[in-house]
Amino acid sequence: MCIRDRNKLPNYQEVTNKLLQSLNISKKYIVIQIKTKIENGTFKILNPDSLLKTIEYFQDKDYQIVFAGREQCPDIFSNKSIINYANSKYASPLNDFLLIGHCSLVISSASGFNEIPNSFGKAALIINVHHIGQTMGRRTILLPTLLSRNSKKFNAKVQHLYLCTYGPNCGSEIFEDLHVLHMPTSEEIFMAAKELEGMLPDIIPSFTMLQKKIRDNDVCPLLSNGLTRISDYYLIKHGYFFEK
């Protein structure tokens, strides 16, 4: 059963109410999902500790936190009052959609899971993705993983070329010097999440001057063709990677 249409959510209100009651969700909440193995758009596993500052920020603002997906909930989350939906008996494709359809925002890794909030037009932060722009959601912010080689200087366009040429692993089995140049840090995730808060109202903030510059210079082909943006704070720190 697919409900990839926000207008159909009211048809499932009774089922949704039972789900939220079963999970002890009684107020506004955000959904978090992270990859725990290398696949899809995840080149290297992100340390879940880097999400703790962001989790505590939203808890202080009276949000509940729900861990979703099908990955094992990290041990570091066990004493943070996080609802472990992912490993519960309630996890199902339909409930995934119901849960996302009624949440405030989503923080996810690079996987098919992030297409669910996109379907509902939900505010979503995608962290640790090395595809740089493959998601087209207008309320989506990216925090990409940056790659490089010792023998070749990378920028976003080169990284995209390696992805298109060698597939999801970008040729890591061919080039021994291919490595992660930078992964999103705790502070970068936190600042991007705060930027994402600005997308909760109906009116979506305009691109910042730096975000518009990156889009217009066409150094990220996929990014330039959609409405997704890279975190402004991230671009300020790593803008060199997105120059021609």
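Contact here means heavy atoms within 4.5 Å. The model is predicted: local features need pLDDT of at least 70 and side-chain atom pairs count only at pLDDT 80 or more, while totals for chains, interfaces and linings use all residues. Residues are numbered from 1 along each chain as its sequence is written, and side-chain values use heavy atoms, with hydrogens and water left out.

**Nonpolar cores**

A nonpolar core is a set of buried Ala, Val, Leu, Ile, Met, Phe, Trp, Tyr and Cys residues joined through side-chain atoms within 4.5 Å; buried means under 20% relative accessible area, exposed over 50%, and partly exposed in between (1.4 Å probe, protein chains only). The largest such core has 56 residues, and Leu51, Ile107, Leu125 and Phe242 touch the most other members. Apart from this core lies another of 22 residues, including Leu9, Leu23, Tyr29 and Phe97. Neighbours within four places in sequence aside, Leu51 is in contact with Ile32, Ile34, Phe77, Ile107, Ile127 and Ile189.

**Helices α2 and α6**

Helices (H or I, at least four residues) and strands (E, at least two) are DSSP runs numbered from the N terminus. Axes are lines fitted to C-alpha atoms, for helices over the stretch in contact, and angles run from 0 to 180 degrees between N-to-C directions. Helix α2 (residues 52–60) packs against helix α6 (residues 186–197) at about 35°, their axes 8 Å apart. From α2 the contact uses Lys53, Thr54, Tyr57 and Phe58; from α6 it uses Ser186, Glu187, Ile189, Phe190, Ala193, Lys194 and Glu197.

Lys53 of α2 is partly exposed, with a relative accessible area of 35%. Leaving out neighbours within four places in sequence, Lys53 is in contact with Ser186, Glu187 and Phe190.

**Cavity and pocket**

On a 1 Å grid over the protein atoms alone, a cavity is a set of points where a 1.4 Å probe fits but cannot get out; a pocket is an open set with protein on both sides within 12 Å along at least five of seven lines, and lining residues have an atom within 4 Å of a point. Points are joined across faces, edges and corners, and a volume is the space filled by probe spheres set on them.

| Space | Volume |
|---|---|
| Largest cavity | about 40 Å³ |
| Largest pocket | about 210 Å³ |

The whole structure holds one cavity of 30 Å³ or more. Ile34, Lys35, Thr42, Leu46, Ser109, Ile127 and Asn128 line the largest cavity. The largest pocket has 13 lining residues, with Arg6, Cys103, Phe120, Gly121 and Lys122 nearest its centre.
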